[in-house]
Amino acid sequence: MSRQLKILEHALSGLLRRKYKNLTLLIAYTFTVAALGSVLFLTQALKTEASESLTEAPELVVQKLAAGRHDLIPIAYAETIRILPGIEKVTPRVWGYYYDALVKANFTLVGFAEKPRDLELLEGRMPGAADECAVGSGVAGIFGAEIGDRLVLIDAHEQDQLYEITGRFKASSSLLTNDLILLQENALREFFSMDRNLATDIAVEVYNPLEVSIMAQKVRFHLPDTRPITRNEILHTYDTIFNWRSGMMLAIAVAALIAFCMLAWDKATGISAGEKREIGILKAIGWETADILTIKFWEGLAVSLSAFILGLITAWLHVFTLGAPGLTPILKGWSVIFPTFELAPAVDFYQLFVLAFLTIAPYLACTLIPAWKVAVSDPEQAMRS
Amino acid sequence: MIRSLFFMILTGTGALLLSALFFHGHSLDRKMNDKRELVRILSLTDLALFSEARYTRHPSQADLFSAFQDFPGVFEHFPSGSLVMPTPIGMTRRIKIIKERQP
């Protein structure tokens, strides 16, 4: 232990002698780990948010397809589904999109057919009349609207429709409700000029959760022009979007890893004359190759471990304290309204271990291999270089 | 030995700080029950992350290749389209070729 501490002392003295070079290296290394860690934390948090909150999404959503595209579904289809054995509840859903040319933003209009009730994540109340609405915090934010104000939307007949804002979804729910405008279902039907015999799609609840995929097959059998989407498929969609091989991870992780490889390659090929001379002197005064490799191991570990810990702390603060300002432009794309992140931290330790392995191990190898090459050569030649 | 002790204390403090952040994150109230209630009552199916196009706003509800259905052969032009992969949910139809004559 004491011997290792002394070797570490020597290694740290060596690092301090080349402090500017090593400081630059530490900053670049920390930045790389922070970039990779930020993507890891953000995707994991979004994945957790989706997988935990969408567990209450409809067990089955039945859409109608016409000419290969999503079409409005006849309410009569709901009756066909309702009489299938094992079906608990069938609810036609009315929802759609509304593009506002002034702010150039898309909003999601959702119809609500049940009796208004109190929601923990809603300030104010749900719409209780046809001329009332509740809005997401993104909608309220972009127009500066408050509860009690009136929202003017242009309906399918190009007529202005006024809705009093009775509720505003809290910012903590903005990942789910940011662009929502909630109206009573009948009011939304009139707004979209949607036939009373049609709905956007049908939400289905099944008695036995194990039978959902069987029910989906039955629905497809009885109504061949439909497309049933199960809750598991919804959850799987988000798992796919934010997994290791997703576009988001690839976009940043590959760039950061390439930058890191260049850094490591430069380190591996560019052992300086001073370092060679130092190794030569140590060999000449009787140090073993194993001792020199131990010094280099501690040097590499000191830099990589410090960079790894600093990088992860930076990534954590970037994502969970600052709201990931470096990554949101990538997610935001051309969206005008984008949720403010209040993500609950979620960490996958397996992914952290992989990140540690991908960053620490190559750097250690790149430190040890060139040092070993010099250490096994003639000390005189090493001192002369 | 001062440097090595200083380094070990510094690294240990960093590791402790990181562990504290992880622990703090896990102990935070995520309001998950309230969110689940919201999802159940409003029958929500997707996160309001990418609102730039309908097939990115509701990736789980979108048709496969919705982007290309707006015009045959059109290029994907929304940035988030490159992050959201199309999911072939409920798409089971297959093309069959029946040969006129067996060789």
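Trainee: Where does Met194(A) lie?

Mentor: Met194(A) sits in the loop of chain A between helix H6 (185–192) and strand E12 (198–199). Helices (H or I, at least four residues) and strands (E, at least two) are DSSP runs numbered from the N terminus. This is a predicted model, where local features need pLDDT of at least 70, side-chain atom pairs count only at pLDDT 80 or more, and totals for chains, interfaces and linings use all residues. Residues are numbered from 1 along each chain as written, chains are lettered from A and ligands numbered from 1 in the order written, and side-chain values use heavy atoms, leaving out hydrogens and water.

Trainee: Is Met194(A) buried or exposed?

Mentor: Buried means under 20% relative accessible area, exposed over 50%, partly exposed in between (1.4 Å probe, protein chains only). Met194(A) has 11% relative accessibility, so it is buried.

Trainee: Which residues is Met194(A) in contact with?

Mentor: Contact means heavy atoms within 4.5 Å. Setting aside neighbours within four places in sequence, Met194(A) is in contact with Leu72(A), Val94(A), Arg189(A), Ala199(A) and Thr200(A). As for Ser335(A), it is 141 residues from Met194(A) in sequence and 27 Å away in space, C-alpha to C-alpha.

Trainee: And what does Thr230(A) touch?

Mentor: Thr230(A) belongs to strand E14 (residues 226–230) of chain A, and is buried at 9% relative accessible area. Not counting residues up to four places away in sequence, Thr230(A) touches Glu59(A), Leu60(A), Val212(A) and Ala216(A).

Trainee: How do I read a helix pair, say H1(A) and H11(A)?

Mentor: Two packed helices are described by the angle between their axes and the distance between the axes. Here H1 (residues 2–17) and H11 (residues 289–321) of chain A pack at about 65°, with axes 8 Å apart. H1(A) and H11(A) are therefore roughly perpendicular (65 to 115 degrees; under 35 is roughly parallel, over 145 roughly antiparallel, the rest oblique). On the H1(A) side, the contact includes Ile7(A), Leu8(A) and Leu15(A), while H11(A) contributes, among others, Trp298(A) and Val303(A).

Trainee: What pattern does chain B follow?

Mentor: Along the sequence, chain B reads α-α-α-α, with four helices and zero strands. Of its 103 residues, 46% count as buried. Among chain B contacts between residues at least 6 apart in sequence, 32% join residues at least 24 apart.

Conventions: Axes are lines fitted to C-alpha atoms, for helices over the stretch in contact, and angles run from 0 to 180 degrees between N-to-C directions.
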